[in-house]
Amino acid sequence: MSKIIFILLLLLASFTNASSQDLNRSYHRIGLLIGGQQTRMQDQQFSPLIHRANEFSGKFWYEAKYKRDHWNASIDFSTGSLFPAQFADRQIYNTTEDIEGNITVDSVFIRGQTLTGNLQVGYDYSWLQTATWEVRSGPKVRNQIMYPSTFTNLGTMNSASLLINLEVTWYSGSKTEWNAGINTPVLGWNTRFPYSGTVSLPNQTLFEAFFDGGTHFVSFGDYQQVNANLAWRYQLSHDVGIGLAYAFTWQRYLIPVSFKSYSQRLGATVDLTF
Amino acid sequence: MYTKFILLSFLSMLLVSCEETLIAPEIPNDPVSNFEEMWNGYDQWYGLFDVKEVDWQQVYLEFRPKVSATTTDEELKTIFHDMIDPLNDNHTYIITTANEPRIESGIFDTLKVQTDFSLDLIPVYVHDFIHYGAAIDYGMLDGNIGYIHLGDFIPSQKFYEKAMDEIFGKLNDTKGIVVDIRDNPGGNDATAQYVAGRFAATRHLYMTVRKKNGPGHHDFTNSIPWHVEPTGGTRYTKPVVLLTSRWTQSAGETFTLAMNELPHVTQVGDFTSGAFSDNIARELPNGWFSFMSIGDYRAADGLSYEGIGVNPDVVLVNTKEEIISGQDKCLEKAIELLQ
């Protein structure tokens with residue numbers, strides 16, 4: 001009987017210890033994502049057409065967790081060829097004639113190229129934390145730049161925002177976890193080309209004139225963006241994890257003229273915990 | 001893991017079908033849609049209807065009945081040409097995606113080739129002709145006169161800071177300089193302002209600019225003054241002759257306005273192009289691009305010279321035969337004025 005009680009006590013102790021370890025998840029982790037992204041955008045300031053891009057995307061992040069505090073920082077980018085679907089192989093021609101009557105015809109494909117980047121730091125507090133579930137939320141500060149180089153100036157935007165974030169993690173097994181999150185900007189400063197579509201101010205560079213002439217303080221009423229993500233992670237070894245991650249972003253900004261876009265990214269991840 | 005990948009991929013594919021909801025329905029590509037988009041684009045963004053005295057609403061009433069579902073591309077091009085022709089604006093044109101000339105509004109509808117200037121002829125007059133990057137050439141003319149060719153104002157201001165430092169370092173002891181912008185198609189107005197400032201001793205207003213800030217024909221920003229004032233380390237304030245032609249455009253013309261406010265500058269050659277405003281490109285549903293002026297640029301006297309150009313102090317235009325025979329009369333006149 002005493003042996004049975006002793007064994008039961010040992011089991012109880014081990015269970016309690018495991019729960020404590022789960023509730024006190026603390027780690028430093030760096031991760032890398034490589035994947036593909038699909039973007040659609042319409043910038044009515046410069047075009048009625050919907051432009052499309054299939055992009056290469058990468059992300060590097062760092063996160064630190066200590067008990068209920070979760071710090072994170074990340075940088076990501078995506079780039080790809082941008083064009084309206086109907087005019088993927090569009091060219092424009094330039095014919096010049098010199099004084100002696102010699103004619104030269106040059107042509108160039110006018111596909112654009114996207115270049116989008118995000119730099120983000122955030123903090124979340126885990127206000128629900130059990131052996132199998134964790135719910136956390138907190139603020140993020142992010143600068144997002146969209147700099148497509150196209151024949152027009154469409155799609156160019158910089159957004160420096162304060163976002164609110166909510167994430168849920170389900171530890172479905174000893175080695176697997178699912179994470180779902182959503183965040184949205186609540187206020188910030190957005191910069192696009194002013195209504196005229198050009199930037200040229202006296203005694204200023206184009207960069208200075210872009211920010212001077214096109215920046216507006218925005219809140220949720222002016223600028224809507226939803227970022228949602230879903231990820232699966234598998235603890236491959238003591239230090240290394242692998243996974244798959246899906247991210248979706250939709251945004252709408254009406255200053256000075258309607259700009260809408262959405263993108264979705266699917267990527268493979270690898271991370272190192274230390 | 002395979003199941004997870006399938007789930008995530010399914011989510012991706014689901015959203016592909018939601019483009020119309022998340023963005024907008026695709027605009028149809030038909031003659032009527034193209035006409036409406038073209039007319040609306042100019043209606044909401046073109047900044048010179050008052051200056052050009054064109055009733056754009058009347059243009060709609062006149063030309064819309066000519067467009068139907070069966071209008072061909074060739075017919076549409078003719079309609080677009082006839083709509084923008086009265087604007088007489090070298091910054092207003094339409095580029096198609098075929099191998100054909102663009103649809104012009106201004107003098108370049110008929111002026112197709114520059115026959116009054118050839119950069120190849122300049123080394124005949126200029127000793128030690130030096131190419132500084134893609135945009136600048138300089139050297140010495142007879143009689144201790146310097147020569148600077150400014151091909152455009154596209155490079156950054158930093159490029160011009162270094163360029164003008166080097167050039168003035170070599171031409172500072174001359175008794176005069178010829179600044180040649182006869183083939184300058186423009187670039188950045190602020191860069192042109194800086195370069196003009198390298199010739200300035202005092203501050204002068206040379207231009208005011210207001211740009212469209214809304215869809216109404218009278219929706220403009222406040223007028224912003226542009227001054228030419230001393231810039232950079234070394235400046236050149238001895239006599240200057242500025243050579244211009246009908247092919248001097250855009251920032252080349254705002255540069256001309258700035259230089260003309262300087263008392264030691266004389267403009268020789270032909271009127272400039274008459275296209276001062278910035279312009280933008282907007283896409284049409286058929287993939288063509290419509291370009292349009294978006295601002296109201298005025299000289300220091302408060303007048304607009306859009307469609308007119310800046311008139312020289314000395315009007316002199318080379319003929320094609322003179323250029324082909326190896327004579328640049330305008331340059332010779334500039335040298336004569338500086339002797």
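This is a predicted model: local features need pLDDT of at least 70, side-chain atom pairs count only at pLDDT 80 or more; totals for chains, interfaces and linings use all residues.
## Chain A

Chain A has 13 strands and two helices. The C-alpha atoms of this chain fill a box of roughly 110 × 35 × 30 Å along the principal axes. The radius of gyration of chain A is 25 Å, whereas a compact globule of 274 residues would have a value near 19 Å.

Of the 274 residues in chain A, 35% are buried. Among the contacts in chain A with a separation of 6 or more, 60% are between residues 24 or more positions apart.

## Chain B

Chain B contains twelve helices and 14 strands. Its C-alpha atoms occupy a box of roughly 80 × 60 × 45 Å, again taken along the principal axes.

Buried residues account for 46% of the 339 residues of chain B. For contacts in chain B with a separation of 6 or more, the share from residues 24 or more positions apart is 72%.

## Where the chains meet

The two chains touch through 48 residues of chain B and 42 residues of chain A. On the chain B side, the elements that give two or more residues are α1 (2–16), α2 (19–22), α9 (189–197), β8 (224–228), β11 (279–283) and α11 (320–324). The largest share of that side, seven residues, comes from α1(B).

By residue type, the side of chain B that touches chain A divides into 21 nonpolar, 15 polar and twelve charged residues.

## The four-stranded sheet of chain B

One open sheet in chain B has four strands in the order β2-β1-β12-β11, with antiparallel pairing. Its edge strands are β2 (103–104) and β11 of chain B, and each of these pairs on one side only. Strand β11(B), residues 279–283, is also one of the elements that contribute to the side touching chain A.

Inside the sheet, strand β1 (residues 93–95) and strand β12 (residues 289–293) of chain B run antiparallel and are joined by three bridges. Tyr93(B) stands opposite Phe291(B) in β12(B). Helix α3 (residues 31–45) of chain B lies across β11 and β12 of chain B and runs at about 20° to β12(B).

## The seven-stranded sheet of chain B

Another open sheet of chain B has seven strands, in the order β3-β4-β5-β6-β9-β10-β14, and its pairing is mixed. The edges are β3 (127–132) and β14 (314–315) of chain B; each has a single partner strand, so one side of each has no neighbour in the sheet.

## Nonpolar cores

The largest nonpolar core has 56 residues, and the members that touch the most others are Val178(B), Ala196(B), Leu243(B) and Phe255(B). Helix α8 (residues 157–171) of chain B supplies the largest share of this core, six residues. Leaving aside residues up to four places away in sequence, Ala196(B) touches Val228(B), Phe255(B), Ala258(B) and Met259(B).

A second, separate core has 26 residues, including Leu48(B), Val67(B), Leu76(B) and Ile294(B).

## Two single residues

Glu55(A) is part of strand β2 (residues 51–66) of chain A. This residue counts as buried because it has 21 C-beta neighbours inside 10 Å, and 20 or more are needed for that class. Among the residues that Glu55(A) touches, beyond those up to four places away in sequence, are Gly36(A), Thr39(A), Ser78(A) and Thr114(A). Leu82(A) is 27 residues from Glu55(A) along the chain, and their C-alpha atoms are separated by 8.8 Å.

Lys329(B) lies in helix α12 (residues 329–338) of chain B. With 15 C-beta neighbours inside 10 Å, Lys329(B) counts as partly exposed. Not counting residues up to four places away in sequence, Lys329(B) touches Leu316(B), Asn318(B) and Glu322(B). Lys329(B) and Phe289(B) are 40 residues apart in sequence, with a C-alpha to C-alpha distance of 39 Å.

Terms used. Residues are numbered from 1 along each chain as its sequence is written. Chains are lettered from A and ligands numbered from 1 in the order in which they are written. The radius of gyration is taken over C-alpha atoms; the globule rule is 2.2 Å times the number of residues to the power 0.38. A residue is buried if 20 or more other C-beta atoms lie within 10 Å of its own, exposed if 12 or fewer, and partly exposed in between; C-beta atoms are placed from the backbone. Two residues are in contact if their C-beta atoms, placed from the backbone, lie within 7 Å. Ala, Val, Leu, Ile, Met, Phe, Trp, Tyr, Cys and Pro count as nonpolar, Asp, Glu, Lys and Arg as charged, and the others, Gly among them, as polar. A nonpolar core is a set of buried Ala, Val, Leu, Ile, Met, Phe, Trp, Tyr and Cys residues joined through C-beta atoms within 7 Å. Two strands pair if DSSP finds at least two bridges between them. Axes are lines fitted to C-alpha atoms, for helices over the stretch in contact, and angles run from 0 to 180 degrees between N-to-C directions.
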